[in-house]
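Here is a look around one protein model, written for someone meeting it for the first time. Keep the picture open while you read.

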Amino acid sequence: MSFAFFIFRKMNLEQVIESAEDRYLQILERFFNEKWRETQLFSHDLGHHRRVWKYARELLLCRKNEVTSFTSDFYNKLLIACYLHDIGMSVNPGIKHGLQSSEICRDFLLENNFPESGTGDVLDAVEHHDDKEYKTHWFNNNEILKILSVADDLDAFGYIGIYRYLEIYITRNIRPEIIGDEIRKNALGRFQNFELQFSEYPKLIEKHRKRFLILDDFFAGYKAEAHP
């Protein structure tokens, strides 16, 4: 066992997360702002990516007894994935934006001297984070993708989720008469996956169930008003 790995195992999870932030947070935000500066899509701006990392931190700390076997690179790559998973929307705001995000993420990794042989998991996570059927090969075998996907889903709930859903669905030309049903169906799938992945943490689930219901109740009311 290397000395560096021994020191890593001695650090607590909060310290490991802070170490990743100290190393990459500022350069990630600069990189994001440079790529995003001409984009007018506020639901997926830097604030969204900051919140996704906040939720990822919450999920990690909730499962701290399960994730101690991960190396420091895992936390570095998860942070990068959280900050760059939607950067491709600066090029393509459609449902296939993950591919563009992955390509831009690859540029960031190369610029910051990540060995190309060790980036497959983070690039796959970024590319497939918006697969909300949660059944792909990548989802079943990629811990970065699992956490990123749930953290991204959590930012779709609550009052901020109402705004975020409306902006992106309108951008994608979803018809007004079906938008409420489409959002409720999508959000329910996200919440059910969250329940499945974190079933051992009922307090966490109940915390975010309240936020999910804020969103669901709003769009149930929207449907009732739009179709009396």
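N113 sits in the loop between α5 and α6 (120-128). This is a predicted model, in which local features need pLDDT of at least 70, side-chain atom pairs count only at pLDDT 80 or more, and totals for chains, interfaces and linings use all residues. Residues are numbered from 1 along each chain as its sequence is written, and side-chain values use heavy atoms, with hydrogens and water left out. Helices, by the way, are DSSP runs of H or I with at least four residues, strands are runs of E with at least two, and both are numbered from the N terminus.

Most residues other than glycine have a negative phi. N113 is also exposed, at a relative accessible area of 69%; "exposed" means over 50%, "buried" means under 20%, and "partly exposed" is in between (1.4 Å probe, protein chains only).

N173 has a positive phi too, near 65 degrees, and is likewise not a glycine. Look for N173 in the loop between α9 (158-171) and α10. With a relative accessible area of 66%, N173 counts as exposed.

## The overall build

How many helices and strands does the protein have? There are 11 helices and 0 strands, so reading along the sequence gives α-α-α-α-α-α-α-α-α-α-α. The radius of gyration is 18 Å, close to the 17 Å that the globule rule gives for 228 residues, so the protein is as compact as a globular protein of that length. That radius is taken over C-alpha atoms, and the rule is 2.2 Å times the number of residues to the power 0.38. Along the principal axes, the C-alpha trace spans about 70 × 40 × 30 Å.

## Inside the protein

Of the 228 residues, 46% are buried. One to find is L59 in helix α3, which is buried at 1% relative accessibility. The C-alpha atoms of L59 and N33 are separated by 26 Å, and the two residues are 26 apart along the chain.

Another is F31, placed in helix α2 (residues 13-36) and buried with a relative accessible area of 7%. F31 and Y83 are 52 residues apart in sequence, yet their C-alpha atoms are 9.6 Å apart in space.

## Salt bridges

Side chains of opposite charge can pair when their charged atoms come close. The structure holds 16 salt bridges, each being a side-chain nitrogen of Lys or Arg within 4 Å of a carboxyl oxygen of Asp or Glu. Take K207 and E58, whose closest N and O atoms are 2.6 Å apart. This pair links distant parts of the chain, with K207 in helix α11 (residues 202-226) and E58 in helix α3 (residues 46-62), 149 residues apart. K207 is partly exposed, at 46% relative accessibility.

K185 and E182 pair up as well, at 3.8 Å from N to O. They are 3 residues apart in helix α10 (residues 176-197), so about one helical turn separates them. K185 is exposed at 57%, whereas E182 is partly exposed at 28%. E195 and R209 form another salt bridge, at 3.1 Å from N to O. Here the link runs from E195 in helix α10 to R209 in helix α11, distant parts of the chain 14 residues apart.

## Patches on the surface

Which residues gather in a patch of negative charge? They are E34, E103, D107, E111 and E127. Helix α5 (residues 97-111) gives the largest share, 3 residues. D107 lies in that helix and is partly exposed, with a relative accessible area of 38%. Patches are made of residues with over 30% relative accessible area and no salt bridge; like charges are joined within 9 Å, and nonpolar side chains (Val, Leu, Ile, Met, Phe, Trp, Tyr) within 5 Å. Asp and Glu count as negative, Lys and Arg as positive, while His and the chain ends are not counted. The place of a charge is taken as NZ of Lys, CZ of Arg, CG of Asp or CD of Glu.

There is a nonpolar patch too: F42, I160 and Y163 together have about 280 Å² of accessible area, computed by the Shrake-Rupley method with a 1.4 Å probe, where for residues only the protein chains shown count as cover. F42 is in the loop between α2 and α3, partly exposed at 46% relative accessibility.
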